[in-house]
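Look over the sequence and the structure shown here before reading on.

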Amino acid sequence: MNTSALILMVTVQVTVTALAAWFFYKILVTKPMAEPDSYSENDDVER
Amino acid sequence: MSTNTESWGSRVGLVLAMAGNAVGFGNFLRFPVQAIQNGGGAFIIPYLVSFLLLGLPLLMIEWSIGRFGGRFGHHSTPFIMDAMGKRRFWKYVGVFGIFSNIAIASYYCYIESWTMSYVYHSLKGTFNGMTQHEVAGFFSNYLDVTTSTTGIPYEALVFFVLCLALNTWILSRGLSGGVEKVAKVGVPLLIVFGILLAIKGTTLKAGTDGAVYDGTVGLNFLWTPDYTSLANPKVWLAAAGQIFFTLSVGMGSIQCYASYIKKRDDIALNAMSAGWMNEFVEVVLGSAIIIPISIGYLGIDRVVELSNIGGLGLGFRTMPFLFEQWGPLLSAIAGTCFFGLLFFAGITSSLAMGTPGMGFLMDEFNWSRKNAALGFGTIILILGLPVILFFNQGVFDEYDYWGGTVSLVVFALLESVLFSWVFGLKNGWREINMGADIKIPVIYRFIIKFITPVMLIVVFLGSIVRPVNDDWLGQSLGEWNFHNESIIGQLKHQGVGPNKQWFATAFYSENAGEVDSIFQLRKKHYISVSSHEDGKVTSSQNYRYLPAKHKLKFKPGDKVVKGDALFTGKVINKVFYIDMARLLLMSLFVFLAVLVYIAWRKRYHNQNQQT
């Protein structure tokens, strides 16, 4: 691959992957709101 | 009282369902083709700019609109928009949010059924030993429902009905019990399949498994930036269009999914996560599969030529042949992964298309979930049959153009105006940030109010007056030549050539050249007209005729001018099917608008009774 193609590809792909991973990680670690919230699976979980 | 008591099971499930809604065939088949046709690596610049200025704002708008409407018990756009704007016509604008989903699902489920069928054939080893021409021919056979080369009669129809039944059944299980479960399995699986294929594609070595070039040759071709292309408005419009369609905005399905979120729960982080997940699948995985693999075997020139027939052609006519080069076991695995990932990308989107119409029927007419799902399945079957039966007559393309392209732009433009200018950005911004788990940069206030609507106006006007050959700079206002795919070009039937009448007594040649053969293929008769330059065929078209009804006016070797009568006898031209498809779509829109009117009258009557 030529240098400009490689730099562009790596920059874009690393940035997009990092942002997608970071936002999804935030979804996973953010504590749920107190009930009643929008999600039924945690309805019987006491907090 | 509405029968709609749906809810999401978990936040991760909601985000995966939203990401699944956005991730579709376009991520793997359309994006790489758009990139190579619009400046290679440089395409990514307008693409990402469009994502930040058009895609993300529209995602925020649609999530907010949906959650706002859900507070009033509305789960489809007609009455969500009615709750946001004082004027009565907004609910009819909202009809687009049901109409587009039904129109798109009618052909989308068909493509989805191809992927099911191709998984079956990959596992069965149908493609083993076939030449490239035979694999391409297999696809043409498949689309012709009257012939079957696989032993299953009416195979395309059978797989379509199976696929539709599966969608209907999942929808009847509800959001958390059906849609969410499929998303939780389908989205991770498609990512895993995508990663496996991307690794295989990028590590392809010239000389092994019949490959002519390394996989990196394709990546190099795709990512080498041609910065001069940035000066061409065509590239910017293509990038904006790609962002628009890849995120599934302007359809009404995001609003429907978001309408089941409560007021205090986040939408900002959810929207960002689903949006960026779609970008990961498109930019990282989508760019590393079909282009590296196809260039590895066919070379750049051939792939550029094939890309002109679109990503669907590359995916279904070419990929099974390329996988075949990897041996029976690996080709079965690769075929299952590739068409399996397309299937999961498809079904997570088609399920999203079912929910707005179902939400409307449950909210307004108290239909049970199962009946609403059956209603959706029935209408898709009715509207899908013309697509299957008259695929080659252009019905598929009409649905895609009016239902899956123009409607989305119109609806997105109107909803962005409603959100920013009618509902008011002060209210809108509060809605976006209510319960937010992340802070949205304040610059987005300005972008949502001014930049996004202006970009949508530009995209819409661009699609109305798109010039021939996308030559924006070479046209003069006095003599503006429209592209066949511009809205004006479509309305004028520019692309149909000289056969502009529904019924005629002769069929006129749509290209100039020489009759190079009169042949029979799968019991059907064709006359082929080709033009040559320096001994090479530059264009060729086959026209089907019926020997019992038509009389040929030319013989092999004869010169033909465009517009010459190739054969005489009673002819039903393609334009008839095109106009019937448009009429069907218009009838669908009117039917939905009437339903909205009836629902509104019902609400009005109930309110009066209560007071």
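Which residue in strand 7 of chain B is the bridge partner of Tyr508(B)? In this predicted model, the partner of Tyr508(B) is Ala565(B). The two residues belong to a pair of strands, strand 1 of chain B and strand 7 of chain B, the latter covering residues 565–572. These strands are joined by 5 bridges and pair in the antiparallel sense.

That pair is part of an open sheet of 3 strands in chain B, with the order 1-7-5 and antiparallel pairing. At its edges are strand 1 (503–508) and strand 5 (551–552) of chain B, each of which pairs on one side only.

Chain B also has an open sheet of 4 strands, in the order 4-3-2-6, and here too the pairing is antiparallel. Strand 4 (536–545) and strand 6 (559–560) of chain B each have a single partner strand, so one side of each lacks a neighbour in the sheet. In general, the strands of a sheet are paired through backbone hydrogen bonds.

Strand 6 of chain B pairs with strand 2 (residues 513–521) of chain B over 2 bridges, in the antiparallel sense. Gly513(B) has Val560(B), in strand 6 of chain B, as its bridge partner. Strand 2 of chain B is in turn joined by 7 bridges to strand 3 (residues 524–533) of chain B, and the two run antiparallel. Val529(B), in strand 3 of chain B, is the residue opposite Val515(B). The hairpin of strand 2 and strand 3 of chain B leaves 2 residues between the strands, and Arg522(B) there takes a positive phi near 45°.

The next step is from strand 3 of chain B to strand 4 of chain B, which run antiparallel and are joined by 9 bridges. Ser530(B) stands opposite Ser540(B), which lies in strand 4 of chain B. These two strands of chain B also form a hairpin with 2 residues between them, and in its turn Asp534(B) has a positive phi of about 50°.

Now consider chain B as a whole. It has 24 helices and 7 strands. Its radius of gyration is 25 Å, close to the 25 Å that the globule rule gives for 611 residues, so chain B is as compact as a globular protein of that length. The C-alpha trace of chain B spans about 80 × 55 × 55 Å along its principal axes, and 53% of its 611 residues count as buried. The chain is divided into domain 1 (11–421) and domain 2 (503–572), whose centres, taken over C-alpha atoms, are separated by 36 Å.

Chain A has 1 helix and 0 strands. Its C-alpha atoms fill a box of roughly 55 × 15 × 10 Å along the principal axes. Of the 47 residues in chain A, 19% are buried.

Where do the two chains meet? In all, 32 residues of chain B are in contact with 25 residues of chain A. On the side of chain B that touches chain A, the elements giving two or more residues are helix 1 (11–22), helix 11 (215–223) and helix 14 (268–285) of chain B. Helix 14 of chain B gives the most, with 9 residues. By class, this side of chain B has 17 nonpolar, 9 polar and 6 charged residues.

Definitions and conventions. Residues are numbered from 1 along each chain as its sequence is written. Chains are lettered from A and ligands numbered from 1 in the order in which they are written. This is a predicted model: local features need pLDDT of at least 70, side-chain atom pairs count only at pLDDT 80 or more; totals for chains, interfaces and linings use all residues. Two residues are in contact if their C-beta atoms, placed from the backbone, lie within 7 Å. Ala, Val, Leu, Ile, Met, Phe, Trp, Tyr, Cys and Pro count as nonpolar, Asp, Glu, Lys and Arg as charged, and the others, Gly among them, as polar. Two strands pair if DSSP finds at least two bridges between them. A residue is buried if 20 or more other C-beta atoms lie within 10 Å of its own, exposed if 12 or fewer, and partly exposed in between; C-beta atoms are placed from the backbone. Domain bounds come from an automatic or database domain assignment. The radius of gyration is taken over C-alpha atoms; the globule rule is 2.2 Å times the number of residues to the power 0.38.
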